[in-house]
Structure formats: structure tokens, C-alpha cells
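Reader: Hey, I've just opened this one and I'm new to it. Can you walk me through it?

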Amino acid sequence: MSVVRNKKTFSIGLLMLLSFVLCYVGMMSPNFGNGRNGLQYADDMFNSLSKGSAYFIEDAQKVADGQKGKNINLTIKASSHEDAVKWGALYTTAGATVTVKESSVTIDGDYGEILGAVVADSDFMYHNDSKSLENKYGYNGREATYNWNSSLKKIDAELKAKSQFKEEFDLVKVQQKALEPAYNYYGVEIKKVSENKFSLAFLLCFYLIYTVWYGFGLYYLFDGLGIVIAKSKKKEA
């Protein structure tokens, strides 16, 4: 005895699910450039578009400029002497007077110039230019960006302890607007939404249609098998 109750809807559901699987196999094949599958291509596209909308270097530079002429003199502690030396190189290049003793780094310099150096390095890294930082500091650009962030967190704590809240607030803004996007998006190609409207619209529409496609395929298949959801009958008192 056949379990199919409605051949028409069963056939439609089966055809939709089979085509769904074939489409999925095609998406997972490495045919979307640079050995990527469809999911990786879409992920890279959205990351690139997201990066294109996260360029706030000019805003960060205005924050840094607002702190020019203000001096900071404080001591921060790294996790090792080697890290302290690397931190010192960052602030020395930014124009500050730096003293490294064991794992401690004493920094005396123009706060605005220091923040400006962070913004400049962040701009290089945002544009995937690690080489410029390597030439400045003598080691990997991404590590230099990480060291900026680590040392700035220590400075943040020192500024809070001294109740220098305006300086601390501006430091956080530079981190959020320049340093963090530069580090997180390093290596990602920059694409603007305005220049990729068709690709974005296609990906979003395809995702919506593909999801509905699978759902209706299951619906028709189960309907053809006679599997339906019915309201339970009310029990008589």
C-alpha cells in the first residue's frame, strides 16, 4: 500500500528538495574565486561591505587634534621586558620621551601627538598596509597594532586613576573609531555598498528565496504523505 496520499504535492515537494540539494552542492563547490565556496564568497562580500562602512579615521584624527598641546606623564607596565621595549618603540616614534625599566614603560609626551600616531598607524592597517608599520617599528604590523591597543588599555586605567576623564574618553574614541576597525578588518578587501548594490541585493534576495524554498519543499512533501497539523478536538465535559 502506497504511503503517498497526494502525488501532485508530493512530487512538487520532492522536486523542490532535490533542486535545493543540487543548489547546495553547487554553492559548496570551490568555484567562486580563490578556491572559495559560495558561503565563503558571501561571507567575504559582507565583511568587505562592512569594512567599507567602518572608516572613521577622520573623526578619530579630530579627536587626536583636540588633545594636542596636552602633556601626559605616566608609567605603565607590560607583561614582559620584551613587550615593554616594543611598547617603548611605539611611543618614542610618536615623539614622546620614553624610559623602559624591566617591564615598566614611563611615557612623557604630547597626548595629542601620541593619539595622532595611533590614528596614522590605524589608517595604514585599515588599508592593509602592514609594511609601513614594519618599517617604522621593525616587527610585524599587526603585532604593532595589538601593542598599541594593549598599552592604551594600561594608559586608560592610569587616566581613570588620575581622574583625567576627558583624556580617557578621547582615548576610548580613538580606539573604537580607528584602532579596533584597523585590527579587526586587516586583510579584508574594502568595498562600498554604493558600488555593490546589485551584488548585495542579489545575495539578500537569494538567501530569502533559498530559505523559503526549503520550507515549502518540506511542506509539500509532508502534505503529499498526508502528514498535516490539525487542531485538537475539544473534549466534551
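Reader: Let's start with K86 and E143. What do their side chains meet in?
Author: They meet in a salt bridge, at 2.7 Å from N to O. Keep in mind that this is a predicted model.

Reader: Ok, and which parts does that pair tie together?
Author: K86 lies in helix α4 (residues 81-93) and E143 in helix α7 (residues 141-161), so the bridge links parts that are 57 residues apart in sequence.

Reader: Is K86 buried or exposed?
Author: K86 is buried, with a relative accessible area of 18%; the cut-off for buried is under 20%.

Reader: Give me another one. What does D156 pair with?
Author: D156 forms a salt bridge with K160, and their closest N and O atoms are 3.4 Å apart. Both sit in helix α7, four residues apart, so about one helical turn separates them.

Reader: And how accessible is D156?
Author: D156 has 9% relative accessibility and counts as buried. K160 is partly exposed, at 45%.

Reader: What about K160 and E168?
Author: The side chains of K160 and E168 also meet in a salt bridge, at 3.9 Å from N to O. E168 is buried, with a relative accessible area of 11%.

Reader: Which residues do shared partners join into one network?
Author: Salt bridges with shared partners join E82, K86 and E143 into one network.

Reader: Switching topic: what's the secondary structure of the chain?
Author: The protein chain has nine helices and three strands. From the N terminus on, the order is α-α-α-β-α-β-β-α-α-α-α-α.

Reader: And what's the radius of gyration?
Author: The protein chain has 28 Å, whereas a compact globule of 237 residues would have a value near 18 Å. Along its principal axes, the C-alpha trace spans about 90 × 60 × 35 Å.

Reader: So how much of the chain is buried?
Author: Buried residues make up 35% of the 237 residues. The chain exposes about 14,500 Å², with carbon and sulfur atoms supplying 58% of that area.

Reader: Which share of the contacts comes from residues 24 or more positions apart?
Author: Such residues account for 70% of the contacts with a separation of 6 or more.

Notes: Residues are numbered from 1 along each chain as its sequence is written. This is a predicted model: local features need pLDDT of at least 70, side-chain atom pairs count only at pLDDT 80 or more; totals for chains, interfaces and linings use all residues. Side-chain values use heavy atoms; hydrogens and water are left out. A salt bridge is a side-chain nitrogen of Lys or Arg within 4 Å of a carboxyl oxygen of Asp or Glu. Helices (H or I, at least four residues) and strands (E, at least two) are DSSP runs, numbered from the N terminus. Buried means under 20% relative accessible area, exposed over 50%, partly exposed in between (1.4 Å probe, protein chains only). The radius of gyration is taken over C-alpha atoms; the globule rule is 2.2 Å times the number of residues to the power 0.38. Contact means heavy atoms within 4.5 Å. Accessible areas come from the Shrake-Rupley method with a 1.4 Å probe; for residues, only the protein chains shown count as cover.
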